[in-house]
Amino acid sequence: MEVCKGSECLKVELIAYSLPREGDVDKLVAESGAISHAPHFKELNEERVKNLIELLKKLGHESVFEHACFTFRVEGISRICTHQLVRHRLASYTQQSQRYVKLKNPKFIVPNEIMESEFSEEYLELLERASELYRKMVEGGIRKEDARFVLPQGVETKIVITMNARELRHFITLRCDKSAQWEIREMAKEMLRLAHDVAPILFDDLYKKYIDNSEE
Ligand SMILES: Cc1cc2nc3c(=O)[nH]c(=O)nc-3n(C[C@H](O)[C@H](O)[C@H](O)COP(=O)(O)OP(=O)(O)OC[C@H]3O[C@@H](n4cnc5c(N)ncnc54)[C@H](O)[C@@H]3O)c2cc1C
């Protein structure tokens with residue numbers, strides 16, 4: 001059994017995003033949006049790109065943001081976190097299956113609050129016992145899909161997520177908020193950092209609100 005304290009095992013990678021023939025993600029979005037008020041498709045300079053994206057955000061014309069897509073690979077998160085994640089319906093997901101993959105050495109995400117409490121020892125013993133029984137049952141012929149019922153929800157999982165920029169902005173707004181749980185919040189912040197690296201104008205407002213602002 002392996003234990004990850006808090007988000008120490010969290011790994012988020014941006015493995016793909018819309019790469020236009022020319023320019024970058026911000027330009028792709030702005031130039032797509034520009035056709036609604038122009039007789040022809042046209043190229044926009046950096047300043048027009050920035051102004052147009054800001055105007056679209058202000059007016060709430062966010063369907064234009066759907067032209068850009070982002071794919072993330074995430075590991076080191078619990079099934080609790082992915083259960084919250086997949087409630088976001090306008091996205092595509094592929095998750096490691098507990099029916100097909102035998103968890104040889106189950107890894108668990110354990111909240112810092114538990115690790116630092118007087119319950120930590122008892123909790124870790126319970127995880128050890130659950131892992132041991134899982135192993136014994138699989139070796140004894142119980143199907144993985146049934147043996148997994150003994151594993152606590154904190155068990156680690158891996159998932160690939162694809163969202164368009166509109167949905168990603170919505171997801172970040174809900175899940176970077178203080179009201180969201182720490183684990184999905186950490187993951188959403190990583191996704192925001194990575195998306196902001198490749199589309200700084202599109203994610204500028206959210207980056208300033210949730211990452212640059214130390215109060216958040
Ligand atoms: C802090 C927090 C606490 C939560 N607590 C709970 C809880 O206790 N119990 C619980 O069950 N859930 C809970 N949730 C989950 C929440 O109710 C939503 O299911 C989740 O956040 C996905 O949000 P969404 O529906 O806006 O997003 P998405 O599914 O990503 O959809 C994006 C947007 O598309 C539109 N949309 C999508 N599908 C439809 C549709 N079928 N009809 C109309 N419009 C649609 C909506 O405008 C929606 O906002 C919680 C979420 C947060 C952030």
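Colleague: What is the volume of the largest pocket?
Modeller: This is a predicted model: local features need pLDDT of at least 70, side-chain atom pairs count only at pLDDT 80 or more, and totals for chains, interfaces and linings use all residues. A pocket here is an open set of points on a 1 Å grid over the protein atoms alone, where a 1.4 Å probe fits, with protein on both sides within 12 Å along at least five of seven lines. Probe spheres set on the points, joined across faces, edges and corners, fill the volume, which for the largest pocket is about 310 Å³.

Colleague: Which residues are closest to its centre?
Modeller: Residues are numbered from 1 along each chain as its sequence is written, and side-chain values use heavy atoms, without hydrogens and water. The largest pocket is lined by 18 residues, each with an atom within 4 Å of a point. Closest to the centre are Gly33, Ala34, Ser36, His37 and Leu52.

Colleague: Which helix gives the largest share of that lining?
Modeller: Helices are DSSP runs (H or I, at least four residues) numbered from the N terminus. Helix 1 (25-34) and helix 2 (46-59) each supply at least two lining residues. The largest share, six residues, comes from helix 2.

Colleague: And how many charged residues line the second largest pocket?
Modeller: That pocket holds about 260 Å³ of space, and its lining includes Arg21, Glu22, Lys27 and Phe41. Asp, Glu, Lys and Arg count as charged, Ala, Val, Leu, Ile, Met, Phe, Trp, Tyr, Cys and Pro as nonpolar, and the others, Gly among them, as polar. The lining has three nonpolar residues and one polar, and the charged ones number six.

Colleague: Turning to the ligand, how much of its area does the protein bury?
Modeller: Residues with a heavy atom within 4 Å of the ligand include His88, Leu90 and His170. Taken alone, the ligand exposes 930 Å² (Shrake-Rupley method, 1.4 Å probe), and the protein buries 46%.

Colleague: Which handedness does the link of Cys4 and Cys9 have?
Modeller: The structure holds one disulfide, a pair of cysteine sulfur atoms within 2.5 Å. In Cys4 and Cys9 the sulfur atoms are 2.1 Å apart. With -95 degrees about the S-S bond, this link is left-handed.
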